[in-house]
Amino acid sequence: MTTMTTRCPHCKAMNRLPIDRVKDVASCGACKEKLLDGKPVEGTADNFLSLIQGEQPVVVDFWAPWCNPCVGFAPVFEDVATERDGTARFVKIDTEAQQALAAQYRIRSIPTIMVFKNGQMIGTLNGALPKSQFDQWLNQALTKA
């Protein structure tokens, strides 16, 4: 059985999850909160491909801690993730820590937002937006799903 490791977005504990159960509602072994939905999940080279596979759309924020627009956009991304719990999964990828992923997806500016479904990118956005505009863009991107 192949597994992936992901950090709980609530308590930051590391959790190992069977890849065939990524589509299920998983709970953190430490705090028992939802593991993959409701808050953005930390994307890494080890778990990213597993996270973007499947019918549920996945919204990915490529960001860096030194980027002021990225830091300012983080609360918007988290709010929208909470509001869309169960309809889309949200992932944050630190481009400083995950340089191979940033190169693989040709990230040239941050923040860059991408939407995936069934492992395929269906939308991309460069730059931070206010919440209402981000919601509007995301609604359009998800209609392609």
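This is a predicted model: local features need pLDDT of at least 70, side-chain atom pairs count only at pLDDT 80 or more; totals for chains, interfaces and linings use all residues.

Trainee: Which residue in the hairpin of S1 and S2 takes a positive phi?

Mentor: Lys12 does, with phi near 70 degrees; the hairpin has six residues between the strands.

Trainee: Why is Lys32 called exposed?

Mentor: Exposed means over 50% relative accessible area. Lys32 has 59% relative accessibility, and therefore it counts as exposed. The residue is placed in the loop between strand S2 (14-18) and strand S3 (41-42).

Trainee: Why is Asn118 counted as partly exposed?

Mentor: The term covers values between the limit for buried, under 20%, and the limit for exposed, over 50%. Asn118 has 37% relative accessibility, so it counts as partly exposed. Asn118 belongs to the loop between S6 and strand S7 (120-126). Although not a glycine, Asn118 has a positive phi of about 55 degrees.

Trainee: Which peptide bond is cis, and what is its omega?

Mentor: The bond that joins Ile110 and Pro111 is cis, with omega about -5 degrees. Pro111 is found in the loop between helix H3 (99-104) and strand S6 (112-117).

Trainee: What volume does the largest pocket have, and which residues are the closest to its centre?

Mentor: Its volume is about 330 Å³. Of the 17 residues that line this pocket, Lys12, Pro40, Val41, Glu42 and Lys92 are the closest to its centre.

Trainee: Which elements each supply at least two residues of that lining, and which gives the most?

Mentor: S3, helix H2 (68-83) and strand S5 (89-94) each supply at least two residues of the lining. S5 gives the most, with three residues.

Trainee: How many residues of the lining are nonpolar, polar and charged?

Mentor: The lining of the largest pocket has eight nonpolar, two polar and seven charged residues. Among the residues closest to the centre, Lys12, Glu42 and Lys92 are of types that count as charged, whereas Pro and Val count as nonpolar.

Technical notes: Residues are numbered from 1 along each chain as its sequence is written. Side-chain values use heavy atoms; hydrogens and water are left out. Helices (H or I, at least four residues) and strands (E, at least two) are DSSP runs, numbered from the N terminus. Buried means under 20% relative accessible area, exposed over 50%, partly exposed in between (1.4 Å probe, protein chains only). On a 1 Å grid over the protein atoms alone, a cavity is a set of points where a 1.4 Å probe fits but cannot get out, and a pocket is an open set with protein on both sides within 12 Å along at least five of seven lines; lining residues have an atom within 4 Å of a point. Grid points are joined across faces, edges and corners, and a volume is the space filled by probe spheres set on the points. Two strands pair if DSSP finds at least two bridges between them.
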